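Please read the sequence and the structure shown here together with the report below.

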Amino acid sequence: MKLDQGQNLERIIESAVVASWADLVRDPQSGLIHVEYGFAASGTLECLQIWSSITRGHWLLVCDYRMSAFKFHDAGVHFHNGYQSEGLTRILEAVMQHQSAFALPPNLGRQRLLQISTPTAEESAVAVVLINAAFDRVTSTFAEPAVA
């Protein structure tokens, strides 16, 4: 994860996971996270799911985020299987609600997968910097009054 890629939506999602690592894995010293996500026909990120590897080949759903209600799911962040992360909730809410502030990946018509392994101390520090920059970007971009 490089600092100069912070304006990319995928890097922000990856940074959110890395910054919240201890909340998302059973053993913070080792682990693997999968983030699956997909875009709506409009080109906006519609939903994402975060999965944690509990043993080799076995995955547990940690949380999901939906931009709009779907069947039995309300919109927003939902944690599962006893997981919880106030920081990740705050980050996902901000990023998902203001995704136009970030560069989107190519090929929006297909499901996407990020695989994130246990971050180093340096990667964790970079993730925090990128998340802070993302909050600053969202705040400055969307806090300005509308011009009539």
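The report goes from the overall fold to the sheet and then to single residues.

## Basis of the model

The model is predicted, so that local features need pLDDT of at least 70 and side-chain atom pairs count only at pLDDT 80 or more, whereas totals for chains, interfaces and linings use all residues. Residues are numbered from 1 along each chain as its sequence is written, and side-chain values use heavy atoms, with hydrogens and water left out.

## Overall fold

The chain contains 4 helices and 5 strands, where helices (H or I, at least four residues) and strands (E, at least two) are DSSP runs numbered from the N terminus. Along the sequence these elements follow the pattern α-α-β-β-β-β-α-β-α.

Of the 148 residues in the chain, 41% are buried; buried means under 20% relative accessible area, exposed over 50%, and partly exposed in between, with a 1.4 Å probe and protein chains only. The accessible surface comes to about 8300 Å², and 53% of this belongs to carbon and sulfur atoms; the areas come from the Shrake-Rupley method with a 1.4 Å probe, and for residues only the protein chains shown count as cover. Among contacts (heavy atoms within 4.5 Å) between residues at least 6 apart in sequence, 57% join residues at least 24 apart.

## The sheet and its packing

The 5 strands form an open sheet in the order E4-E3-E2-E1-E5, with antiparallel pairing; two strands pair if DSSP finds at least two bridges between them. The edge strands, each of which pairs on one side only, are E4 and strand E5 (112-117). From one strand to the next the twist averages 20°, and axes are lines fitted to C-alpha atoms, for helices over the stretch in contact, with angles running from 0 to 180 degrees between N-to-C directions. Helix H1 (residues 9-19) packs on the sheet and touches E1, strand E2 (45-55) and E5, its direction making about 40° with that of E5.

Strand E3 (residues 58-66) pairs with E4 in the antiparallel sense over 4 bridges, and Cys-63 stands opposite Phe-79 in E4. E2 and E3 are likewise antiparallel, over 8 bridges, with Leu-48 opposite Tyr-65 in E3. Because 7 of its 9 residues are buried, E3 is largely enclosed by the rest of the structure. The hairpin of E2 and E3 has 2 residues between the strands, and in this hairpin Gly-57 takes a positive phi near 85°.

## Residues of strand E1

Glu-36 is found in strand E1 (residues 32-39) and is partly exposed, with a relative accessible area of 31%. Not counting residues up to four places away in sequence, Glu-36 touches Cys-47, Leu-48, Gln-49, Trp-51, Arg-112 and Leu-113. Glu-36 and Asp-64 are 28 residues apart in sequence and 9.3 Å apart in space, C-alpha to C-alpha.

## Aromatic rings and a loop residue

Rings of Phe, Tyr and Trp (its six-membered ring) pair if their centres lie within 6.5 Å, with planes under 30 degrees apart counted as stacked, over 60 as edge-to-face and the rest as tilted. By this rule there is 1 aromatic pair. Tyr-37 and Phe-39 form an edge-to-face pair, 5.9 Å centre to centre with 70° between the planes. Tyr-37 is buried at 1% relative accessibility, and Phe-39 is buried at 13%.

Arg-90 lies over the face of Phe-135, 4.6 Å from the ring centre; a charge sits over a ring if NZ of Lys or CZ of Arg is within 6 Å of the ring centre and within 35 degrees of the ring normal. Asn-81, in the loop between strand E4 (76-79) and helix H3 (86-97), has a positive phi of about 55° although it is not a glycine, and at 42% relative accessibility Asn-81 counts as partly exposed.
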